[in-house]
Amino acid sequence: MADTFGATSTIEDVLANVDLRGRRILVTGVSAGIGVETVRALVAHGAKVVGTARNLRKAQAATQHVRAAAAYGGGLELVELDLASLASVRSCANSLVSARVPFDEIIANAGLMAGPKVDTADGFEAQFGTNYLGHFVLVNRIAGLLNPGGRVVMVSSAGHRRAWTTPTSSRVLTASTLHTDAPKRRPSSLQSSSTNVIEPRAFELRPFIRVPSRLKQFRR
Ligand SMILES: NC(=O)c1ccc[n+]([C@@H]2O[C@H](COP(=O)([O-])OP(=O)(O)OC[C@H]3O[C@@H](n4cnc5c(N)ncnc54)[C@H](OP(=O)(O)O)[C@@H]3O)[C@@H](O)[C@H]2O)c1
């Protein structure tokens, strides 16, 4: 495995000689795009993946080649999850918790961007409600399933770099900014390794959870 990766690295470069047998990974948004390719590579290296999709039929069709690529005992199971509906998020999380099968990684990949102005089922702006709040509730609800040392990966966007160019960004910071930016570039009040935030107050998903009061409603 190479020591460093860059813009031209492929997923095969990253996973070369990596044995994922025995690892269980949850990936959201496996009906299109990056999620499909992520799952293909993971199962080809032996991981057992639970993939979520709001449209299971579409995901089934989109992952035919993924099943064919599975090797070393790797495999894919699909579960329904609409991140734009907190009822769906809670239902999915409850099912996963009931199954009591732990995960080594959660890859929060599903998302949308720059679409028309629509709201989620719960009345939040769709991009924020889906990419951020939906994953917020999901991950907090299933955090107990993460094995010790397990990781939560928030797939985000290089667009976060622009957030620091405006003075107002210090007040309302985007989830992608805080999920992906190097800690040294964050305001000092937000120094932590895994941070979600609305306004300059933070909580950590792991190893402990400190939730601003205005966000507590979403964890129910
Ligand atoms: N591709 C890029 O250049 C780029 C750049 C910046 C950031 N990103 C981020 O990378 C991630 C993957 O992007 P992508 O290019 O693979 O996007 P994509 O091809 O549009 O796929 C997005 C996935 O998210 C799912 N999704 C959307 N809304 C959902 C909801 N309400 N509930 C559950 N699943 C939902 C989609 O399901 P459906 O198939 O049902 O629509 C699809 O499976 C996203 O978080 C995106 O913001 C991508």
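Colleague: Which strand does E1 pair with in the parallel sense over five bridges?
Modeller: In this predicted model, E1 pairs with strand E2, residues 48-53, in the parallel sense over five bridges, where strands (E, at least two residues) and helices (H or I, at least four) are DSSP runs numbered from the N terminus, and two strands pair if DSSP finds at least two bridges between them. Arg24 stands opposite Lys48 in E2. The chain crosses from E1 through H2 to E2 in a right-handed β-α-β crossover, meaning that, with the strands pointing away from the viewer, the path from the first strand over the helix to the second runs clockwise.

Colleague: And how many bridges join E1 to E4?
Modeller: Three bridges join E1 to strand E4, residues 103-108, and these strands run parallel, with Leu26 standing opposite Ile106 in E4.

Colleague: Switching to the ligand, which residues are the closest?
Modeller: The closest are Gly29, Gly33, Ile34, Gly111 and Ser157, out of 23 residues that surround the ligand, a residue being near a molecule if its C-beta atom, placed from the backbone, lies within 6 Å of it.

Colleague: Which helix gives the largest share of that shell?
Modeller: H2 does, with three residues, and helix H2 (33-44) and helix H6 (126-142) each supply at least two residues of the shell.

Colleague: Anything on numbering and confidence?
Modeller: Residues are numbered from 1 along each chain as its sequence is written. Local features need pLDDT of at least 70 and side-chain atom pairs count only at pLDDT 80 or more, whereas totals for chains, interfaces and linings use all residues.
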